[in-house]
Amino acid sequence: MHVVILGNGVAGVSAALKLRELQPAWEITIVSGESKYHYSRPALMYIFMGHMRYQETKPFADSFWAQQRLELVRAWVTRIDTSEKKLELHGQAPLGYDQLLIATGSKSNKFGWPGQDLDGVQGLWSLQDLKLLYANAERARKAVIVGGGLIGIELAEMLHSRGIHVTFLVMESSYWNNILPDGESGMINREIRAHGIELRLETQLDHVVDDGTGRCRAVVTNHGDEIDCQIVGLTAGVSPNIAVLEGSDIEAGRGVLVDGNLRTSAPDVFAAGDCAEIRAKGDERNTIQQVWYTGKMQGEFAARGLAGKATGDYDSGIYFNSAKFLDLEYHTYGLVGRHIAGEENLYWEHPNGKHAVRIVYTDEGVIGLNTMGLRWRHEVCERWLRDRISVDEAVRRLEEPYFEPELYFRHEPFIRRAFSEALQQPTEGAL
Ligand SMILES: Cc1cc2nc3c(=O)[nH]c(=O)nc-3n(C[C@H](O)[C@H](O)[C@H](O)COP(=O)(O)OP(=O)(O)OC[C@H]3O[C@@H](n4cnc5c(N)ncnc54)[C@H](O)[C@@H]3O)c2cc1C
């Protein structure tokens with residue numbers, strides 16, 4: 001049996017490793033156009049900022065792959081031929097498969113802005129984007145970042161670290177407040193400005209201005225303001241990268257459509273990670289999960305299907321994500337900011353505006369947790385949500401999730417006092 005995995009991001013590589021464990025004798029090939037070896041994509045910013053070398057972002061030594069008998073092919077796949085069971089490769093002979101996993105990840109969104117393809121205008125997803133950024137940053141004094149998500153703030157920080165003046169255009173009324181509640185979102189607005197990054201809220205890109213040589217020289221916003229810049233970072237979200245499906249009979253929606261077993265509409269073809277769109281069973285919306293840890297989970301789950309050892313449908317379990325907004329660490333678990341019927345929120349923020357905790361709960365117990373500027377134990381947070389402990393119990397047990405208390409200032413006495421007071425006043429309970 002020969003399994004080909006298209007994409008060497010976290011989903012593809014997690015699938016390969018799990019499949020090797022489940023099927024020690026099978027032939028496994030990983031194809032990727034971006035790089036021969038897997039590296040950690042979220043570490044792109046650390047390379048640029050000089051905190052890590054590229055070599056250090058590779059979780060496995062280059063010799064590891066041969067030891068595991070995982071063949072690596074560096075090539076761009078141009079077409080999937082499901083009837084002949086082969087991949088057409090750019091500039092190389094086609095590659096046959098018995099089973100295929102598509103794990104092609106995401107691509108940066110472009111919304112057809114005039115000037116979006118000028119030199120100096122770019123997204124940030126791949127090593128190729130990073131290389132371009134080095135070249136663009138060399139000649140830049142000013143940059144404009146368009147779109148206030150996680151990658152936008154990272155790109156702003158990266159350019160700012162090189163002494164480039166950054167103007168950050170965010171469509172929403174507060175940074176990422178389509179995801180974050182007002183308290184946390186407000187903290188990040190302050191953090192961005194405190195770092196000297198110019199944050200313009202409720203502002204969108206209208207068009208990019210050509211300097212006459214095909215390179216950007218400014219952007220014009222929807223308010224008609226012209227902002228000089230030599231780099232425009234397009235970070236208005238990402239979408240599943242499904243270009244490779246063109247000319248194939250594999251069904252696609254926004255992503256590669258898969259069932260609960262991560263099987264596509266084509267025989268022996270699976271998909272996992274950012275590119276996969278899981279069909280909903282009822283009238284709910286299909287699911288696309290574009291975060292690192294679900295890529296890993298989906299990859300490992302797909303490997304079980306490929307190995308013929310699938311059990312039940314894929315379940316991502318309790319939602320988790322983490323990020324760093326400049327100097328503010330952020331962790332989220334479960335349902336925060338989803339406005340679930342009957343939800344109440346407890347929110348504590350340190351007077352210095354650098355630490356915060358939110359507990360979201362209903363009559364049935366705790367359903368979500370956010371921490372900013374402090375770290376709680378992952379396994380405890382997950383257990384609290386899985387067990388649906390009551391909010392009173394959570395407040396009583398606040399020491400439990402605290403991470404390495406000897407290294408951190410203990411905030412929980414203050415948090416407990418604030419939360420206990422809030423819980424005694426149910427009408428004002430949601431701070
Ligand atoms: C700067 C940055 C910071 C991030 N930070 C975080 C974070 O803090 N937390 C978090 O959860 N997530 C973060 N993410 C998102 C996270 O990296 C993705 O969710 C994850 O990498 C998705 O993994 P994947 O394996 O599905 O796809 P990808 O990592 O995108 O890998 C897909 C691979 O497939 C290859 N490929 C695609 N098409 C073809 C083709 N036709 N032929 C050959 N090869 C092809 C691509 O080149 C790529 O190597 C960040 C992303 C970026 C860019």
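**View 1. Confidence along the chain of the predicted model.** Across this predicted model, the mean pLDDT of the chain is 94, and 97% of its residues reach 70 or more. Residues 426-431 are a stretch over which pLDDT stays under 50, and for this stretch the model has eight contacts beyond four places in sequence. Where pLDDT is low, the predicted coordinates should not be read in detail.

**View 2. The nonpolar cores and the surroundings of Val 31.** The largest nonpolar core comprises 49 residues, and Val 31, Ile 80, Leu 87, Leu 100 and Ile 102 are those with the most contacts inside it. When residues up to four places away in sequence are left aside, Val 31 touches Val 4, Ile 5, Leu 6, Gly 7 and Asn 8, together with Val 73, Ala 75, Val 77, Leu 87, Leu 89 and Leu 95.

View 3. Although Gly 50 and Met 158 are 108 residues apart along the chain, their C-alpha atoms are separated by 9.9 Å.

**View 4. The salt bridge of Asp 117 with Lys 110.** This pair belongs to a model in which the count of salt bridges comes to 22. The closest N and O atoms of Asp 117 and Lys 110 are 2.7 Å apart. Asp 117 is exposed, with a relative accessible area of 59%, whereas Lys 110, at 45% relative accessibility, counts as partly exposed.

**View 5. The salt bridge of Lys 354 with Glu 191.** The side chains of these two residues, Lys 354 and Glu 191, meet at 3.1 Å, N to O. Lys 354 lies in the loop between strand S23 (344-349) and strand S24 (356-362), while Glu 191 lies in helix H6 (residues 182-194), so the pair ties together parts that are 163 residues apart in sequence. Lys 354 is partly exposed, with a relative accessible area of 36%, but Glu 191, at 4%, is buried.

View 6. The side chains of Glu 399 and Arg 416 meet in a salt bridge of 2.9 Å, N to O. Because Glu 399 is in the loop between helix H9 (391-396) and helix H10 (412-423) and Arg 416 is in helix H10, the pair ties together parts that are 17 residues apart in sequence. Glu 399 is partly exposed at 37% relative accessibility, and Arg 416 is partly exposed with a relative accessible area of 23%.

Methods. Residues are numbered from 1 along each chain as its sequence is written. This is a predicted model: local features need pLDDT of at least 70, side-chain atom pairs count only at pLDDT 80 or more; totals for chains, interfaces and linings use all residues. Side-chain values use heavy atoms; hydrogens and water are left out. A nonpolar core is a set of buried Ala, Val, Leu, Ile, Met, Phe, Trp, Tyr and Cys residues joined through side-chain atoms within 4.5 Å. Buried means under 20% relative accessible area, exposed over 50%, partly exposed in between (1.4 Å probe, protein chains only). Contact means heavy atoms within 4.5 Å. pLDDT is the predictor's confidence in each residue, from 0 to 100. A salt bridge is a side-chain nitrogen of Lys or Arg within 4 Å of a carboxyl oxygen of Asp or Glu. Helices (H or I, at least four residues) and strands (E, at least two) are DSSP runs, numbered from the N terminus.
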